Amino acid sequence: MPARPSTPSTRAPHPSSESASDVVRWAAFSCFLVPVVLVVYGTSVGGAAAAALGLAAVTAACRILLRHSERNAARARAESPAPAPSRRGRPSTGAHRGARHGGGCATED
């Protein structure tokens with residue numbers, strides 16, 4: 001029996017705020033997991049604790065930068081007007097105006 005093709009409409013894309021939260025969650029998980037692995041493989045507890053503190057500091061800085069970026073993106077979306085639809089009812093992006101995308105000149109000398 002052939003495999004069914006997956007349809008993109010069945011999956012809902014994650015909003016950027018959820019993906020940023022996922023990144024922070026994985027980073028927090030690594031702040032716990034990396035020191036455990038270091039101790040298991042013979043690193044001193046003090047060295048593993050220093051690695052955990054370093055990872056926690058980097059995670060906190062990245063979280064602050066992600067939140068700042070999300071706020072700026074939301075502010076930019078709120079301030080910019082929506083593009084007007086074209087004659088065909090689709091937003092005009094400026095691309096695909098009927099030209100071929102073969103690259104270069106099609107004439108021979």
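Let me start with a contact: the side chains of arginine 25 and aspartate 22 meet in a salt bridge, 2.8 Å from N to O. By salt bridge I mean a side-chain nitrogen of Lys or Arg within 4 Å of a carboxyl oxygen of Asp or Glu.

A word on the source. This is a predicted model, where local features need pLDDT of at least 70, side-chain atom pairs count only at pLDDT 80 or more, and totals for chains, interfaces and linings use all residues. Residues are numbered from 1 along each chain as its sequence is written, and side-chain values use heavy atoms, with hydrogens and water left out.

Back to the pair. Arginine 25 and aspartate 22 sit three residues apart in helix H1, residues 16-40, so about one helical turn separates them. Helices here are DSSP runs, H or I, of at least four residues, numbered from the N terminus. An α-helix has 3.6 residues a turn, so residues three or four places apart point the same way.

Now accessibility. Buried is under 20% relative accessible area, exposed is over 50%, and partly exposed is in between, with a 1.4 Å probe and protein chains only. Arginine 25 is exposed, because its relative accessibility is 54%. Aspartate 22, at 27%, is partly exposed.

How many salt bridges does this rule give? Two. The other joins the side chains of arginine 67 and glutamate 70, at 3.3 Å, N to O. Both lie in helix H2, residues 45-79, three residues apart, about one turn. Arginine 67 is partly exposed at 23%. Glu70 is buried, and so are Ala48, Ala52 and Thr59 of H2.

H2 itself has 35 residues. From first C-alpha to last, H2 reaches 51 Å, close to the 51 Å expected at 1.5 Å a residue. That expected span is 1.5 Å times one less than the number of residues.

Next, the aromatics. The structure holds one aromatic pair. The ring centres of tryptophan 26 and phenylalanine 29 are 5.8 Å apart and the planes stand at 85°, so the pair is edge-to-face. The cut-offs: Phe, Tyr and Trp rings (six-membered ring for Trp) pair with centres within 6.5 Å; planes under 30 degrees apart are stacked, over 60 edge-to-face, the rest tilted. Both residues lie in H1, three residues apart. Tryptophan 26 is exposed at 61%. Phenylalanine 29 is partly exposed at 42%.

Last, confidence. pLDDT is the predictor's confidence in each residue, from 0 to 100. The protein chain has a mean pLDDT of 75, with 58% of its residues at 70 or more. Over residues 7-11, pLDDT stays under 50, and the model has zero contacts there beyond four places in sequence. Contact means heavy atoms within 4.5 Å.

Key. Helices (H or I, at least four residues) and strands (E, at least two) are DSSP runs, numbered from the N terminus.
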